[in-house]
Amino acid sequence: MDGQLMIRYVEQAVFFILALVALGLELWALLDCVRHRAGAFEATGKRTKTFWLALTAGATLVGVISLFGSGGGLFGTLGLFGLAAVVAASVYLADVRPAVKDAGRGGSRNTGPYGPW
């Protein structure tokens, strides 16, 4: 097997694995967004459920395109839209999800380890 051909296969495998991980992250964000009630989003001041559903669904769509697409360009895993999709899903999971999850339990976001402050 030619050396350049081997490098190309390894590169394609790495990009496929990155696209698969990104799609998993985007799907997780979408499914988590679907399962929370709309009032929890508004109670925490994190925009509306419709906004986050549209954003995470769009991110998931871009993830599917980058996984099964040509692998390059704007919609590739490391392309402009691919990175924006991962960032949108990550923002949801890191910022919105904990607040909405806490609001769903009836708790307050302004609590410390020993109670409210």
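Start your tour by selecting Y92: this residue is buried, with a relative accessible area of 0%. Buried here means under 20% relative accessible area, exposed means over 50%, and partly exposed is in between (1.4 Å probe, protein chains only).

A quick word before you click on. You are looking at a predicted model, where local features need pLDDT of at least 70, side-chain atom pairs count only at pLDDT 80 or more, and totals for chains, interfaces and linings use all residues. Residues are numbered from 1 along each chain as its sequence is written, and side-chain values use heavy atoms, leaving out hydrogens and water.

**Zoom out to the whole chain**

Following the sequence, the pattern reads α-α-α-α-β-β. Of the 117 residues in the chain, 31% are buried.

**The aromatic rings**

Next, show the side chains of F51, W52 and Y92, which ring pairs link into a cluster. Rings of Phe, Tyr and Trp (its six-membered ring) pair if their centres lie within 6.5 Å; planes under 30 degrees apart are stacked, over 60 edge-to-face, and the rest tilted. That rule gives two aromatic pairs. One is F51 with W52, an edge-to-face pair at 5.2 Å centre to centre with 85° between the planes. The other partner for W52 is Y92, in a tilted pair with 5.9 Å between centres and 55° between planes. Colour the helices now: W52 sits in α3 (residues 49–68) and Y92 in α4 (residues 80–104), so this pair ties together parts that are 40 residues apart in sequence.

**Over to R47**

Select R47 in the loop between α2 and α3. The charged end of R47 sits over the ring of F51, 4.1 Å from its centre. To count, NZ of Lys or CZ of Arg must be within 6 Å of the ring centre and within 35 degrees of the ring normal. R47 is exposed, with a relative accessible area of 52%. Check its backbone too: phi of R47 is near 65°, a positive value in a residue other than glycine.

**Into the core**

Now select A29, C33, A40, F41, W52, A89, Y92, L93, V96, V100 and A103, the eleven residues of the largest nonpolar core. Such a core is a set of buried Ala, Val, Leu, Ile, Met, Phe, Trp, Tyr and Cys residues joined through side-chain atoms within 4.5 Å. Helices α1 (3–35), α2 (38–44) and α4 each supply at least two of its residues, and α4 gives the largest share, six.

Pick V96 from that set. Setting aside neighbours within four places in sequence, V96 is in contact (heavy atoms within 4.5 Å) with F41, K46, W52 and V91.

Which residues of α3 are buried? They are K49, W52, T56, A59, T60, V62, G63, S66 and L67. Look down the axis of α3: these buried residues fall within an arc of 165°, so they line one face of the helix. The arc is taken from the directions from the helix axis to the C-beta atoms.

Technical notes: Helix = DSSP H or I, 4+ residues; strand = E, 2+ residues; numbered from the N terminus.
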